[in-house]
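Welcome, and take a moment to bring the model into view. We will walk through it together, one part at a time.

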Amino acid sequence: MIKVRKDIVLLIALAVIVLAGSLGMRAGGIEPLDAIQCVTGVINEKEDVDTPKIAITFDDGPHPYYTEQLLDGLKERGVKASFFVMGKQAEAYPELVLRMHEEGHLVGNHTYSHIQLGKNNRETFKEELIKTNEVLQGITGEEPQYVRPPYGSWDKNFETELTMIPVLWTIDPMDWCSSDVNGIVKKVTQKAEENAVILLHDEYESSVTAALEIVDILQKQGYEFVTVDEILFD
């Protein structure tokens with residue numbers, strides 16, 4: 001692409017204005033401003049560069065110490081995340097769930113006890129979702145719309161029965177079984193792409209440390225962190 005110096009373009013534009021005036025182009029309906037815009041369209045045209053969006057999500061919390069540490073770090077960086085909390089943890093640490101909500105993070109349902117949906121426990125699973133929704137609504141004042149089913153096991157009929165939207169993931173560094181911060185960071189940043197959904201957990205020190213490093217790296221690469229609803233519906 002040939003780069004055009006702005007000072008040269010402006011000189012050309014001024015010449016057009018002079019020429020337009022000498023030829024009486026105003027009478028013909030062409031204003032000097034029109035001439036400038038015609039010549040300098042590349043300057044006046046707004047850059048339409050989309051910032052790539054990415055979502056970082058956390059399961060299994062809140063943890064009484066690590067979640068607070070994570071929230072502090074996200075706030076310092078101006079980042080919004082999505083937290084899929086367990087009902088029993090929310091009952092134990094409601095102040096952390098309320099803080100998530102008040103600071104603009106998405107608060108979703110991760111069942112009450114981290115139960116995995118199987119062939120013989122559908123009703124129990126459903127009851128845990130309902131119970132957790134009640135706990136979270138009691139804390140935030142809003143009924144959760146989003147659910148992260150443990151291990152990704154899901155029944156689409158719940159989407160109409162409970163009016164809930166399942167949220168899975170596209171990047172899983174398996175942080176729950178590793179304390180290698182650098183390894184977790186590398187697995188995520190190497191796979192990062194626009195509209196990716198990162199899965200992490202806020203109950204491990206290594207995961208929280210890695211999460212904040214991931215945020216720092218991807219922000220420098222131009223990514224904007226958003227809640228998962230923006231990824232799903234924008």
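Predicted model: local features only at pLDDT ≥ 70, side-chain atom pairs only at ≥ 80, totals over all residues.

What covers the buried residues of helix 7? Residues are numbered from 1 along each chain as its sequence is written, and side-chain values use heavy atoms, with hydrogens and water left out.

Now to helix 7 itself. Helices (H or I, at least four residues) and strands (E, at least two) are DSSP runs, numbered from the N terminus. Helix 7 has 19 residues and reaches 27 Å from its first C-alpha to its last, close to the 27 Å expected at 1.5 Å a residue; the expected span is 1.5 Å times one less than the number of residues. Its buried residues (under 20% relative accessible area, with exposed meaning over 50% and partly exposed in between, for a 1.4 Å probe and protein chains only) include Phe125, Leu129, Leu136 and Ile139, and also Lys126 and Glu128. An α-helix has 3.6 residues a turn, so residues three or four places apart point the same way. The cover over the buried residues of helix 7 includes strand 2, helix 5 (87-92), helix 6, strand 3, strand 4 (146-147) and helix 8 (157-161). That answers our opening question.

Just after helix 7, Gly141 takes a positive phi of about 85°. Asn121 counts as buried because its relative accessible area is 18%. Leaving aside neighbours within four places in sequence, Asn121 is in contact (heavy atoms within 4.5 Å) with Ile115 and Gln116.

Let us step back to the whole chain. The protein chain holds eleven helices and seven strands, and buried residues make up 44% of its 234 residues. Among contacts between residues at least 6 apart in sequence, 74% join residues at least 24 apart. The chain exposes about 13,000 Å², of which carbon and sulfur atoms supply 51%; such areas come from the Shrake-Rupley method with a 1.4 Å probe, and for residues only the protein chains shown count as cover.

Two strands pair if DSSP finds at least two bridges between them. Strand 1 runs parallel to strand 6, joined by five bridges, and parallel to strand 2, joined by three. Two bridges also join strand 1 to strand 7 (residues 224-225), again in parallel. Lys53 stands opposite Glu224 in strand 7, and Phe58 stands opposite Phe83 in strand 2. Asp59 has His201 as its bridge partner in strand 6 and Phe84 as its bridge partner in strand 2. Six of the seven residues of strand 1 are buried.

From strand 2, the pairing continues to strand 3 (residues 106-109), in the parallel sense over four bridges, where Gly108 is the bridge partner of Phe84. Ser82 and Phe84 point one way from strand 2, Phe83 and Val85 point the other way, and all are buried. Strand 1, helix 4 and strand 2 make a right-handed β-α-β unit: with the strands pointing away from the viewer, the path from the first strand over the helix to the second runs clockwise.

Which residues touch the most other members of the largest nonpolar core? A nonpolar core is a set of buried Ala, Val, Leu, Ile, Met, Phe, Trp, Tyr and Cys residues joined through side-chain atoms within 4.5 Å. Of the 37 residues in the largest one, they are Ile56, Phe58, Leu74, Phe83 and Ile198. Helix 10 gives the largest share of this core, seven residues. Beyond four places in sequence, Ile56 touches residues including Ile198, Leu200, Val215 and Phe225.

Pro52 counts as partly exposed because its relative accessibility is 24%. Not counting residues up to four places away in sequence, Pro52 touches Glu194, Gly222, Tyr223 and Glu224. The C-alpha atoms of Pro52 and Gln221 are separated by 9.5 Å, although these residues are 169 apart along the chain.
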